[in-house]
Amino acid sequence: MTSRTCHLSPAAGPLEDDNLLCEILLRLPPEPSSLPRASVVCKRWRCLVSDPRFCRRFRRHHRRNPPLLGFFNRDSDLFPFVPTLEPPNRVSPGRFSLQRREGDRFISLGCRHGLVLIRNVRPNKVLVWDPVTGEQHHLAIPPELVIHAENTAINGAVLRAAGDIQQFHVVLTVVDNVDKQHKRALAWLYSSKTNLWGDLVSTPVPFKVSTSDILGDEDDVTLVFTGKPAVMVRDSLYWILAGNFVGILEFDLEKQSLAVIRVPAHMLENGFYQFWIMRAEGGGLGLLLQKDQSFQLWKRKTDRDGVASWVLGRTIELDKLLSLNGNGSQVILGFAEENNVVFVWTHGVLFMVNLESLQFKKLGETRTLSHYHPFESVYTAGNSMPSDIGCNKTKPIFDNRLTELRFILFRVRLTILTKCHITCFLYCLMTSSTYNNFVFVVFLF
């Protein structure tokens, strides 16, 4: 990890090995305050956790369990970031600010793996933005897609390449409504590794199977609905199809193929706004259906004959969970797929509800309904680390004030081992909102 090479004597402690210490620090919780807190332990720790290579490893290690930092308001022209964590993990709203150029007209298509996908309408491009690093990648959309861009909605999704935080993929999709009797869903896959768009992928879309009056005179048109971003389940991306046909569009990333999935007819009684695509409990494709004052969690199962069907799982009585009075409506404004959290508006109040643990948090009151794109990412907060403990400083961080830092280090050595075989286990307990009350417990066996 570092350029330093450590040679341990038999009596040397395991934490004197920088490589071993890095492996321990790598397993700190992926919260914005974790590395800044570790950096105040001593100058050596500061050097390790501020190394850009370590920060990249830290993000890569936690890429599949990132914290929910907040959300972007899709419907605002400024596309503001709204933090949801409490101090010291709360990220400043201005920290994730998208810089625009003159003439830009942005439409957010969703967030995933710490990236934001934005369609820039006027230049007919898409923007892949990393709010943590500030990197921007402007991609021209495929020429075949330009033909449809002026007449119908374009949707898409972004994701990191497997095991790589540098490379990414983009999928853009649209429904070709030119031939009303032979509609087709179209998709293109972009790879940052090759800097190229792949070949066109298509699949038929049913016509007049399920209808909706929501779109009025446009009810003969089917769209890849942009009001709800894609959800990634295993190796596939899923969008909602709306309009003449209401269902689900699947893009299989491994096979690079498209498929259309039907939803139960009773879910369409009140329009497609009543259900959301989600990850089912135990894995697989799921749906969240809003029913009166409750949420129904459905899962798509396939039997031994290969026949797929929808099965009802749990029902969450939202009115009892949130102690709501009256029969006010509930509106889902966003879904965070990695944390399994929905943003729910009801009775003029915005809540976050974890569908697995049923823990909830009141975010505040609002009378304005917007589409929220949750932002889940590992933010190392490198710029917020104290500047007076840099690697080139010689002043020790402790100054014999262990009680102020409440730093506890336990070393337990097993003398029965005949060889230098040491098992390290790190347990990090952070109970305070300030660096000076940082509690750090290390057990060494």
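I started with the cores: the largest nonpolar core has 37 residues, and Ile248, Leu287, Leu288, Phe295 and Val342 have the most contacts inside it. For me a nonpolar core is a set of buried Ala, Val, Leu, Ile, Met, Phe, Trp, Tyr and Cys residues joined through side-chain atoms within 4.5 Å. Buried means under 20% relative accessible area, exposed over 50%, and partly exposed in between (1.4 Å probe, protein chains only).

Housekeeping: this is a predicted model, where local features need pLDDT of at least 70 and side-chain atom pairs pLDDT 80 or more, while totals for chains, interfaces and linings use all residues. I number residues from 1 along each chain as its sequence is written, and side-chain values use heavy atoms, leaving out hydrogens and water.

I then listed the neighbours of Ile248, skipping residues up to four places away in sequence; among them are Tyr238, Trp239, Ala259, Leu287 and Trp310. A contact here is heavy atoms within 4.5 Å. There is also a second, separate core of 20 residues, which includes Leu189, Val205, Val224 and Phe251.

For the whole protein, I noted 7 helices and 28 strands. These are DSSP runs numbered from the N terminus (helices H or I, at least four residues; strands E, at least two). Of the 445 residues, 51% count as buried.

Next, the rings. Phe, Tyr and Trp rings (the six-membered one for Trp) pair if their centres lie within 6.5 Å; planes under 30 degrees apart are stacked, over 60 edge-to-face, the rest tilted. I got 15 aromatic pairs by this rule. Phe72 and Phe79 are stacked, because their ring centres are 4.8 Å apart and their planes at 15 degrees. Phe72 is buried at 0% relative accessibility, and Phe79 is buried at 6%. Tyr190 and Trp197 are tilted, with centres 5.2 Å apart and planes at 55 degrees. Here Tyr190 is buried at 4%, but Trp197 is partly exposed at 21%. Ring pairs also link Phe72, Phe79, Phe81, Phe96, Trp129, Phe375 and Tyr379 into a cluster.

Last, the backbone. I found a cis peptide bond from Pro87 to Pro88, omega near 10 degrees; Pro88 is in the loop between strands E2 (81-83) and E3 (106-112). Arg234 is not a glycine, yet has a positive phi of about 55 degrees. Arg234 lies in the loop between strands E13 (231-233) and E14 (236-243), and is exposed at 61%. His347, also not a glycine, has a positive phi of about 55 degrees. I placed His347 in the loop between strands E22 (341-346) and E23 (349-354), partly exposed at 34%.
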